[in-house]
Each structure stands twice: as C-alpha cells, then as structure tokens.
Amino acid sequence: MRKFNDIRTYTTNVTELIWHFIRHPEAYPNNASLVVQPELMETVIDNPNECKYCDSYNINLLVERDGQGNMVPNHYAIANMARRYY
C-alpha cells in the first residue's frame with residue numbers, strides 16, 4: 001500500500017520544503033531534519049525529537065552545492081527518500 005498517493009507531487013512538495021529551508025534557515029531549529037510521519041501523510045522540517053513514530057532524514061543529505069557554490073535541493077537524494085514510501 002502506498003503511503004502517499006502521487007510520488008511526483010510528493011517529491012515536488014519535499015523539494016519546495018528544502019527550498020524554503022535553504023532560503024530561510026532562521027525559521028528552523030538548529031537540529032532540524034526532514035521529518036516524515038507516514039500514518040498522517042505529513043512531511044515537515046522540524047526537530048525530530050518532537051515526533052513519535054516518524055522517519056527523520058538529515059537535511060544536509062538533501063541539500064547540495066551547485067556550480068556557483070549555492071545551496072540547492074539534491075533531487076537525487078530527495079527521489080531516493082521518496083521511493084521508500086512507494
């Protein structure tokens with residue numbers, strides 16, 4: 001059984017979350033992770049200790065540097081993470 005209905009939409013939503021994290025790091029706790037709660041079909045960037053029964057992913061593994069040294073979402077890592085729910 002799929003935990004999220006559409007993998008493309010899900011990866012797009014996660015990528016948007018990562019972009020928001022890159023652009024507004026001050027809006028997140030220092031120990032922020034990508035936190036997925038499959039039972040509720042929710043994904044957020046937050047303190048992983050605040051969520052029971054959640055999967056957490058190191059945010060640094062979902063971000064990479066482009067050719068100019070700017071932080072950008074790591075699409076390959078995001079896609080790999082999303083496949084765990086399909």
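Trainee: Where is arginine 8 found?

Mentor: Arginine 8 is found in helix α1; helices (H or I, at least four residues) and strands (E, at least two) are DSSP runs, numbered from the N terminus. This is a predicted model, where local features need pLDDT of at least 70 and side-chain atom pairs pLDDT 80 or more, while totals for chains, interfaces and linings use all residues. Residues count from 1 along each chain as its sequence is written, and side-chain values use heavy atoms, without hydrogens and water.

Trainee: Does arginine 8 count as buried or exposed?

Mentor: Its relative accessibility is 69%, so arginine 8 counts as exposed. The cut-offs are under 20% relative accessible area for buried, over 50% for exposed and partly exposed in between (1.4 Å probe, protein chains only).

Trainee: What separates the C-alpha atoms of arginine 8 and alanine 79?

Mentor: A distance of 9.0 Å, although arginine 8 and alanine 79 are 71 residues apart along the chain. Aspartate 6 sits in the segment before α1, and it counts as partly exposed because its relative accessibility is 38%.

Trainee: At what angle do the axes of α1 and α2 cross?

Mentor: Picture helix α1, residues 7–23, and helix α2, residues 75–83: their axes come within 10 Å and cross at roughly 130°. Axes are lines fitted to C-alpha atoms, for helices over the stretch in contact, with angles from 0 to 180 degrees between N-to-C directions. The two helices are therefore oblique to each other; under 35 degrees is roughly parallel, over 145 roughly antiparallel, 65 to 115 roughly perpendicular and the rest oblique.

Trainee: Which residues in α1 meet α2?

Mentor: From α1 you get Ile7, Tyr10, Thr11, Val14, Thr15 and Ile18. On the α2 side, their partners are His75, Ile78, Ala79, Met81, Ala82 and Arg83. Contact means heavy atoms within 4.5 Å.

Trainee: On to the sheet. In what order do the strands run?

Mentor: The order is β2-β1-β3, an open sheet of 3 strands with antiparallel pairing. That puts β2 and β3 at the edges, each pairing on one side only. From one strand to the next, the twist averages 25°. Two strands pair if DSSP finds at least two bridges between them. Strands β1 (residues 33–37) and β2 (residues 42–46) pair over 5 bridges, while β1 and β3 (residues 55–58) pair over 4 bridges.

Trainee: Which residues stand opposite each other?

Mentor: Start with valine 35, which stands opposite valine 44 in β2 and has serine 56 as its bridge partner in β3. Then glutamine 37 stands opposite glutamate 42 in β2, and serine 33 opposite asparagine 58 in β3.

Trainee: How many residues of β1 are buried?

Mentor: The strand is mostly covered, with 4 of its 5 residues buried. Look at serine 33, which has its place in β1 and counts as buried because its relative accessibility is 11%. Leaving out residues up to four places away in sequence, serine 33 touches Val44, Ile45, Asp46, Pro48, Ser56 and Tyr57.

Trainee: Last one, backbone angles. Which turn residue has a positive phi?

Mentor: Most residues other than glycine have a negative phi. In the hairpin of β1 and β2, which has 4 residues between the strands, methionine 41 has a positive phi of about 55°. Tyrosine 53 is not a glycine either, yet its phi is positive at about 60°. You'll find tyrosine 53 in the loop between β2 and β3, where it is exposed, with a relative accessible area of 71%.
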